[in-house]
Structure formats: structure tokens, C-alpha cells
Amino acid sequence: MKNNINIAIVGLGQVGIYLYNELNIKKKDIEKKTGKKIKIVAISAKNKDKKRKFSISKKIFYKNPLQIFKKEKIDILFECIGLSDGISKILVETALNNKINVITPNKALIAKHGDNLSKLAEKNKVNLEFEASVAGGIPILRTIKEGLATNKIYKVYGILNGTTNYILSEMEITNETFNKVLLKAQKLGYAEPGNPKLDLNGFDAFAKIRILSALSFNTRISKNKCIMEGIENIELEDIKIANQLGLRIKLLGISEIIKNKLFETVHPCLVNKNTYIGNVNGVMNAVIMEGKPIGECLLQGEGAGPGPTSSSLLSDLLSILKGNIKYPFGMSYYKRKSVKAFNNNNYKNSLYLRFEVKDRQGVLSLITNRLAKYKISVKRIIQTPDKKNKKARIVIITHKTTEINSKNCLSIFKKNKNILKFPTLIRLYN
Ligand code: HSE
């Protein structure tokens, strides 16, 4: 690689603009560490005149990012727009086809098109790096690709979304509403650009799980149909009840090889407050890997926000500047295999069920009889009457049951006049 490196940044949202500033202030340090002189020669965003945290040089601003390839000789492109398709995909493909290295924090793009893009990078002998796409500032991908390179990893799981972990923790501490806490998370730059839904509905964590699976198990990115649930249905009430039970709600991403099949999921979990994962709070993410011979290995750090994300983007940059073309997923696209999906119906958990019911004779037995019919055994039951409204809340913790069994069992409660709304279900983590 030559000594003077030209850089372009496309997308100047919270992450892009932070990165722009970091590159400017860390030029010297980067040169000391790599022997390369970097220069930002082009930037692009939707709005040139938007008020930003750091001022930009308008001389190098491009309204149309595709013009950059025609007008400048760039060596490294940072794609910081964040779309799974559209201009993000076009830009990355164009760059790779022009033998330009690409660095991106865009997990939606990598989870959807990572296989093809890695094939393109391999063909053009350039790097495609995406450390910042999973768990913000935690150097998890490089750890799997390099630090744990010869291990056989069979499970990887953890808290992979900073926004939702922040929301759940903050609601527990402050008793504030979901919406109020979400606004705070957005101000801190945790949520996905433009669309916090992608954090709340589990999509963001799910994209990260897809990337982690591919890297951990040396497989192609799966397209399996999986259980993906977010935190939209979690109420302050559930957080408080969990607290009383010595539990805490966490949005977990889990990926595991079970009997040579791949199981991937994202859903809220009740975990014991005295466990490690139960104490990863706020914007913190944690990723736990289980493998041989390493055993259990875990990494924790800030999972969202411009600072931690830039830290990972710069680590990608330094990795490229230090030389070598690396396979984006640790091994050649052609050597990574597809793996069959584990049947989600057989996924087993204890369940937390919260029923809001009319306080009438026979309602509790209706619920327990139904559970008994499906051989779902009750571990714990708490009924709290609301006398004024002639209602009651019934919380049941069950022993383990399969996904299909609980689905069939609970279906009846959709249309029962004594059950005021479909029960809230939260799985317990084993
Ligand atoms: N929106 C993500 C999160 C940050 O909240 O974790 C980037 O991955």
C-alpha cells in the first residue's frame, strides 16, 4: 500500500461527523502507528448546510456521492449512511469494483449482502471491514477472526443493542415511560439513524447475530426464518414485577450450533439479577462466546454511540493501513458453507406469563387447566387484585416448555371474554 492514503466519508450523521473529526485530530497518531499519511479528500451527505457537531470543509463536499469515484482517486471509503440497500449498497459495490477498500458500521447492509460483498472484495483483492457493525466499540469481530481464529466456537450470545439495553435499564432506575427514555437514547446518538424501530423490534440485534454466526461458525450468512422479538411490548409493569422476582429483562441475541443445525434468535429474556449478563446495564453490550479450547470468553463495552463506533471504524482503518488483504469473514467466501436451520418449534424455555383478567370465579382455573392440558407445569404464581376495576393481574412462571407447545396453549386466550388482553410472554434465560 502506498504512503499517502486518500479517504472519502459518505454519510455525516452522528457517526460520520464524529469519525470525520477523529480522523482529522488523529492523523499524526495514525501516521506514527502505520507510517501512512491519511487525507480526507471527499465527504458527502444529504444536506451540506445542516448544523453539525463539527464543522466540515465544504470544498471537499459532494452532493452526489457517486461523483467521488469519478473526480477523486480514493483508497478507502467509509460508508456511514446505514441503509441495507439503495445508495449504501451501490456505493460499497462501486468502491469494491474500483479496488477501493471499504469500511462500514452498516450491519443492515452486511447482514443482508455481506456474502456477495465479501465475494466482490475477494475478487478485487481489497478489504471490506465492518468491525463497528456489531456491538459498537467492542472489538468482537477481530477477536473472533484473529484472537480466537483456531477455536471451534459453538455458541455466541449477549446483549447486542445499546439502545434497548439503555431503555430497559433507564426505565428500571427512573420509572420513566418508554417514550421519554427513547428520546434520551436518540439524543445520545445510540439509536439507528432515522429509524429507532430497527432497534426496538430486534432487527438491529438480529443483523448483528447473523454477522456473528457467519464469523463464529465459518458459515454463509443465514437467511433462516427465526424468532425475532423486540422490546415494544415490554411495559414498566413487567420491569417492576421482574425486579420483585429478583430478575431483570434483557434483549438477548443468541446463536448456537445444536446438533449440526444453526439456531439464531433475538428476544427479551428474564435473567437473574445476580448473573453477569443481568448486570450489563445502560448502553453497555456484552458478547459471550463458548468454544474449544477457549471455554467461555466474554467482552463487554459500549455498544452504541458515535465515540465507540468511531473507535471500531478507526481500528478497521489501522488494520488496513498496516497492510495485507484479509478475508472479510475470516476465510474465503468459497470455503464458507451453508448450514441447515434448527427447528424453532423445539426451542425450550421457562416462561413468564402476565395475564390481565376479570376478577371472576373460575378465571384462574381456566388458565391453569389450559396450561395443564398442554403439560406446562407452573413453577410460581402471583395474583394481584385490582378491586376498584374488578380486575386482577396474574403472573405465572412456568417450567420449561417448547415454543410450539406454548404457542398452541396460549392461542385460546386471544378470544376469551374474561382475559382482557393476550398475555405478555417473556422467556427466561436458562
Ligand atoms: N443502534 C445500535 C444500538 C448502535 O443501539 O446498539 C449501532 O449498532
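**Close-up views of strand E4 and its surroundings**

**View 1. Val10 and its partner across the sheet.** Val10 has Glu79 of E4 as its bridge partner. The model is predicted, with local features needing pLDDT of at least 70 and side-chain atom pairs counting only at pLDDT 80 or more, whereas totals for chains, interfaces and linings use all residues. Residues are numbered from 1 along each chain as its sequence is written, and side-chain values use heavy atoms, with hydrogens and water left out. Ile7 is placed opposite Ile76 in E4.

**View 2. The two faces of strand E4.** From E4, Ile76 and Phe78 point one way while Leu77 and Glu79 point the other way, and all are buried (under 20% relative accessible area, with exposed over 50% and partly exposed in between, for a 1.4 Å probe and protein chains only). E4 is also joined by three bridges to strand E5, residues 101–103, and the two strands run parallel. In this pairing Phe78 stands opposite Ile103 of E5.

**View 3. The sheet that holds E4.** Six strands form an open sheet with parallel pairing, in the order E3-E2-E1-E4-E5-E6. Strand E3 (61–62) and strand E6 (128–129) each have a single partner strand and stand at the edges, so one side of each lacks a neighbour in the sheet.

**View 4. The whole chain as context.** The protein chain has 14 helices and 18 strands (DSSP runs numbered from the N terminus, helices being H or I of at least four residues and strands E of at least two). Its radius of gyration is 24 Å, close to the 22 Å that the globule rule gives for 430 residues, so the chain is as compact as a globular protein of that length (taken over C-alpha atoms, the rule being 2.2 Å times the number of residues to the power 0.38). The C-alpha trace spans about 80 × 50 × 35 Å along the principal axes of the chain, and 55% of the 430 residues are buried. Among contacts with a separation of 6 or more, 73% link residues 24 or more positions apart (contact means heavy atoms within 4.5 Å).

Definitions and conventions. Two strands pair if DSSP finds at least two bridges between them.
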